[in-house]
Amino acid sequence: MMVKVKICGLKRVADAEMLNELRPDFAGFIFAPSKRQISLEQALQIRAALIDAIPAVGVFVNEPIENIVAIVESRAIQIVQLHGDEDNTYIEELGKRITLPIIKAVAVKDAADVKKEYAADILLYDTYQSGMAGGTGKTFNWDLLKEATHPFFLAGGLHAGNLEAAIQKVQPYAVDISSGVETDGVKDFEKIRAVMEIIGRSIK
Ligand SMILES: O=C(O)c1ccccc1N[C@@H]1O[C@H](COP(=O)(O)O)[C@@H](O)[C@H]1O
């Protein structure tokens, strides 16, 4: 099976048009404080420009549940990604309020982070960096993922130059890429194309 790919941090309708051509499996909208943060209005515009076959993942960091519910009800997103310190009480509460799949991102410092269970549909392992919830552009020690017992998303500093090695080493369900497909802070068609070529060659 081919590894799935999420291209995260879309900011422009032009980014949606790139994805429509290159066909990753998921697109990501950042609703948390970040240089990639977009408003609900922008998300609705970008969602409208994206083909239906590409679900949009809303990325949130310790967001009040009411705000996520409002964004879900607007239909700007089809999947929720929790990228902060959300615990199982929070995730279960959110799960009672929405029917969308929930991805829980885990910042990996050590093996204990990988062993922890969450009440989410799938986990995403990302680089731990103090003071940054995500979008670090940095990789982490992938050996720690030997402890993983379920399919997962791999994130953190992935790009066309290290993607093949990452896939071979950790066999993720999906990869999630933001900084590594940008040039000067803008999504770069050629970098996304290079990623999609590598994904096309990856057989799990
Ligand atoms: O991309 C961001 O700016 C961001 C901000 C806050 C939380 C999550 C964010 N993005 C997520 O970070 C990882 C990896 O990004 P990168 O490839 O290392 O830049 C990915 O899961 C994004 O969804």
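## Strand S7 and its neighbours

Let's start in the sheet, where strand S6 (residues 122-127) and S7 run parallel and are joined by three bridges. Helices (H or I, at least four residues) and strands (E, at least two) are DSSP runs, numbered from the N terminus, and two strands pair if DSSP finds at least two bridges between them. Tyr 125 has Leu 154 of S7 as its bridge partner.

Three bridges also link S7 to strand S8 (residues 174-177), again in parallel, and here Ala 155 stands opposite Asp 176 of S8. Between S7 and S8 the chain passes through helix H6 (residues 163-170) in a right-handed β-α-β crossover (with the strands pointing away from the viewer, the path from the first strand over the helix to the second runs clockwise).

## Two covered faces

In a regular strand the side chains alternate between the two faces of the sheet. In S7 (residues 152-155), Phe 152 and Leu 154 on one side and Phe 153 and Ala 155 on the other are all buried (20 or more other C-beta atoms within 10 Å of the residue's own, with C-beta atoms placed from the backbone).

## Around the ligand

The ligand is surrounded by 27 residues, the closest being Ser 34, Gly 134, Gly 135, Ala 155 and Ser 179 (C-beta atom, placed from the backbone, within 6 Å). Strand S2 (26-30), S6 and S8 each contribute at least two residues to this shell.

## About the model

This is a predicted model: local features need pLDDT of at least 70, side-chain atom pairs count only at pLDDT 80 or more, and totals for chains, interfaces and linings use all residues. Residues are numbered from 1 along each chain as its sequence is written. The predictor gives the complex an ipTM of 0.98 and a pTM of 0.97.

Terms used
Buried ≥ 20, exposed ≤ 12 C-beta atoms within 10 Å, placed from the backbone.
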